[in-house]
Amino acid sequence: MPPAGPSPILRRRRLGTELRRLREAAGLTGEQVIERIGWASASKLSRLENGRSRPDPDDVASLLDLYDAPTELHEELLGITREAGDMRGWLKRYPVMTQQQRSFAELEAGCAEIREYNPVLVPGLLQTPGYARLRIVSARLVESGAGDTEPGDTPETEVAARLARQSLLTRPDAPRYTAVLEEAALGRRAGPPEVLREQLVQLCELAVLPNVTLHLLPWDTPVGEWYLPPTAFSVYRFADPLDPETLAIEGGFTNAMSTEANALNSYKVVFEWLCSAALSASDTLSWLIEATGRLPGTAGPSTAAHGPATAPAQRRRQSGRLTDR
């Protein structure tokens, strides 16, 4: 079961933000801090403040003493420091997690709300094993000469890692999840009928979960003033209000993340445009049911899909698919 609390990476970012704020409040430059504490490396403070290194509790305590941090804040930040260093314990919750999936799992942990859009694919948290496998294998055909995969990082491991993240949507403390789905992501170019049908049925089941809202964007519907979103993106808001809201931009073969307010606000506006242009949640469910029935050689899901759904992870366990690997 994925952890309900924030990941060590998120803890490092939170710690770095607080340390930078305290340093600036104390009126100290980075060079002055390095000199007063006596660190040999000038980049050590920078790595801590940017959340790029595993923090040492003694180092953090020295900084907090130098900044004369209040006792309550001192103890809180030392607690965050311990959480930020427990990477091994956190990763045990994800025994099949791959490096490619880890950055998303780290953001999803501790989330109160996730908003996602992808111009060409069903978002990873919603994908079935068959749909995910097609996407991963086809992408690797392009990447085969790049040497980016890790030893043992097979397509099946990558599929299992993606599925490991998906219990996030059905756990007791599940975040609020909203996604805008492009019609093209579910078109016949995306896979054979049996794969598409399984994907559509799973979306029908997810769409009736109380914390999940899906919007289908028809291929010929304009967005805003004829705006064309160029990339997939996700916006994460965390349960702890002091953890910075984060934007993740997925660019096909590379990803970027930002907590910068202007970038976040711009993508929030785009997401509102997308939701306004797309079908309502109820019309989206009707579209998904009808689309399933239109596939050759398949029958649409029962209208009982409008009632309580069997969680996709549970359905996969019952059918003996890849989830338990």
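Predicted model: local features only at pLDDT ≥ 70, side-chain atom pairs only at ≥ 80, totals over all residues.
Side chains of opposite charge can pair when their charged atoms come close. In this model, the count of such salt bridges comes to 16. One of them joins E76 and R14, with a distance of 2.9 Å from N to O. E76 belongs to helix α5 (residues 71-85) and R14 to helix α1 (residues 8-25), so this pair ties together parts that lie 62 residues apart in sequence. The two partners may also be described by their accessibility. R14 has a relative accessibility of 1% and counts as buried, whereas E76, at 36%, counts as partly exposed.

A further salt bridge links E18 and R21, at 3.0 Å from N to O. Both residues lie in helix α1, and because they are three residues apart, about one helical turn separates them. E18 is buried, with a relative accessible area of 11%, while R21 is partly exposed at 42%.

These pairs also belong to a wider arrangement. R11, R14, E18, R21, E76, E83 and D243 are linked in a network of salt bridges.

Another salt bridge is found between D173 and R171, whose closest N and O atoms are 2.8 Å apart. Here R171 is buried, with a relative accessible area of 6%, and D173 is partly exposed at 37%.

Attention may now turn to the nonpolar side chains. In soluble globular proteins, nonpolar side chains tend to be buried together. The largest nonpolar core of this model has 36 residues, and those with the most contacts inside it are L126, Y177, L186, L203, L214 and Y236. Both helices and strands contribute: the elements that give two or more residues to this core are the helices α7 (99-108), α10 (193-207) and α12 (281-294), together with the strands β1 (111-118), β2 (176-182), β3 (212-217) and β4 (232-238). The largest share, six residues, comes from α10.

Which residues does L203 touch, when those up to four places away in sequence are not counted? The answer is V122, L126, L181, L186, L214 and L288. Of these neighbours, L126, L186 and L214 are also listed among the residues with the most contacts inside the core.

Key:
Residues numbered from 1 in each chain as written. Heavy atoms only, no water. Salt bridge = Lys/Arg side-chain N within 4 Å of Asp/Glu carboxyl O. Helix = DSSP H or I, 4+ residues; strand = E, 2+ residues; numbered from the N terminus. Buried < 20%, exposed > 50% of the residue type's maximum accessible area, 1.4 Å probe, protein only. Core = buried A, V, L, I, M, F, W, Y, C linked by side-chain atoms within 4.5 Å. Contact = heavy atoms within 4.5 Å.
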